[in-house]
Amino acid sequence: MRRAARADAGDDLMEFDVGPGRIGITVPDRESLLAIIGARLEAGEGFALATTNVDHLEKLRSDACFREAYAAHDLVVADGNPIVWLARLAGKPVSLVTGSDLVRPLCRLAASSGRAVAIIAGTRETGEEAGRRLKAEIPGLRVAMVEAPGFPFDPEGAEADALLDRLAGSGAGLCLLALGAPRQEILAARVRRRCPKMGVASVGAGIDFIAGRQRRAPRLMRTARIEWLWRAALSPRRLGPRYLQGAMILPGHAWRALSSRSRTR
């Protein structure tokens with residue numbers, strides 16, 4: 001597996017072992033990310049943005065398709081406090097950049113550069129409601145396309161092929177994917193290849209939050225870095241096992257982070 005290309009960040013950012021391969025953070029903070037994306041949208045250049053969390057690290061170990069898709073992402077940020085803590089342990093600090101908090105800033109950049117947005121969400125109602133709210137908030141924003149694949153969705157199947165055809169003809173310059181990992185990242189890699197001048201960002205629950213379909217954790221919990229506890233309480237059957245699996249791989253990553261730090265001294 002090849003590593004994701006770094007985006008103007010040098011070679012000193014955090015990398016993680018994920019089975020037979022490695023993935024790395026390529027952009028250290030939100031300000032740098034938005035500057036890069038703003039410049040690319042203005043220039044009509046494409047990109048693929050992934051927001052790494054511990055659930056991704058766990059899935060990447062066993063899913064070769066997911067690893068290959070990640071390698072196609074040129075912008076990768078730390079979405080999750082455990083990722084930030086591991087980077088600090090390794091002496092390669094990065095800032096928290098949550099995908100769900102990027103939807104509005106990305107749409108503002110798209111509007112200011114005259115680029116239309118496509119929204120691919122879990123349900124059409126959610127995507128359309130998010131699109132209405134975003135257009136009401138952001139002057140000049142154009143939503144060129146709203147789609148919701150069927151369930152279960154195969155990002156490499158015939159439905160995805162047809163979706164890519166519609167996306168390529170939509171006139172959108174920015175595509176927001178809210179389908180959950182690994183589906184959204186695998187589809188994003190295909191968008192990157194099929195539409196090289198389009199930016200594509202996997203934003204997870206961000207569209208649901210804007211549409212009001214999910215409740216965001218109170219600001220106090222987010223400030224205290226325990227938003228995961230709020231989400232687990234709202235969806236224990238779905239997220240409880242995911243957080244447990246993630247916790248089980250953290251000690252190994254922490255050991256490797258500390259070992260990496262000692263080798264660079």
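The buried residues of helix H3 are covered by elements that include strand S1 (15–18), strand S2 (21–24), strand S3 (47–52), helix H2 (54–62), strand S4 (75–78) and helix H8 (183–194). The model is predicted; local features need pLDDT of at least 70, side-chain atom pairs count only at pLDDT 80 or more, and totals for chains, interfaces and linings use all residues. Residues are numbered from 1 along each chain as its sequence is written, and side-chain values use heavy atoms, with hydrogens and water left out. Helices (H or I, at least four residues) and strands (E, at least two) are DSSP runs, numbered from the N terminus.

Helix H3 spans residues 64–71. Its buried residues are Phe66, Arg67, Ala69, Tyr70 and Ala71. Buried means under 20% relative accessible area, exposed over 50%, and partly exposed in between (1.4 Å probe, protein chains only). The N-terminal end of H3 is capped by Asp63. A side-chain oxygen of Asp63 lies 3.0 Å from the backbone nitrogen of Cys65.

Helix H7 (residues 158–168) packs against H8 at an angle of about 45°. The two axes are 11 Å apart. H7 is therefore oblique to H8. Axes are lines fitted to C-alpha atoms, for helices over the stretch in contact, and angles run from 0 to 180 degrees between N-to-C directions. Angles under 35 degrees count as roughly parallel, over 145 as roughly antiparallel, 65 to 115 as roughly perpendicular and the rest as oblique. H7 contributes Ala160, Asp161, Leu163, Leu164, Asp165, Leu167 and Ala168 to the contact. H8 contributes Leu187, Arg190, Val191 and Arg194. Contact means heavy atoms within 4.5 Å. By class, seven of these residues are nonpolar, none is polar and four are charged. Ala, Val, Leu, Ile, Met, Phe, Trp, Tyr, Cys and Pro count as nonpolar, Asp, Glu, Lys and Arg as charged, and the others, Gly among them, as polar.

In helix H5 (residues 103–112), the buried residues are Val103, Pro105, Leu106, Cys107, Ala110 and Ala111. Gly114 follows H5 and has a positive phi, near 75°.

Glu31 belongs to helix H1 (residues 30–43). Glu31 is exposed, with a relative accessible area of 58%. In sequence, Glu31 and Ser95 are 64 residues apart. In space, their C-alpha atoms are 9.8 Å apart.

Overall, the protein has 12 helices and eight strands. Of its 265 residues, 53% count as buried. Among contacts with a separation of 6 or more, 72% come from residues 24 or more positions apart.

Definitions and conventions. Polar contact = N/O pair within 3.5 Å; in protein donor to acceptor, adjacent residues only side chain to side chain.
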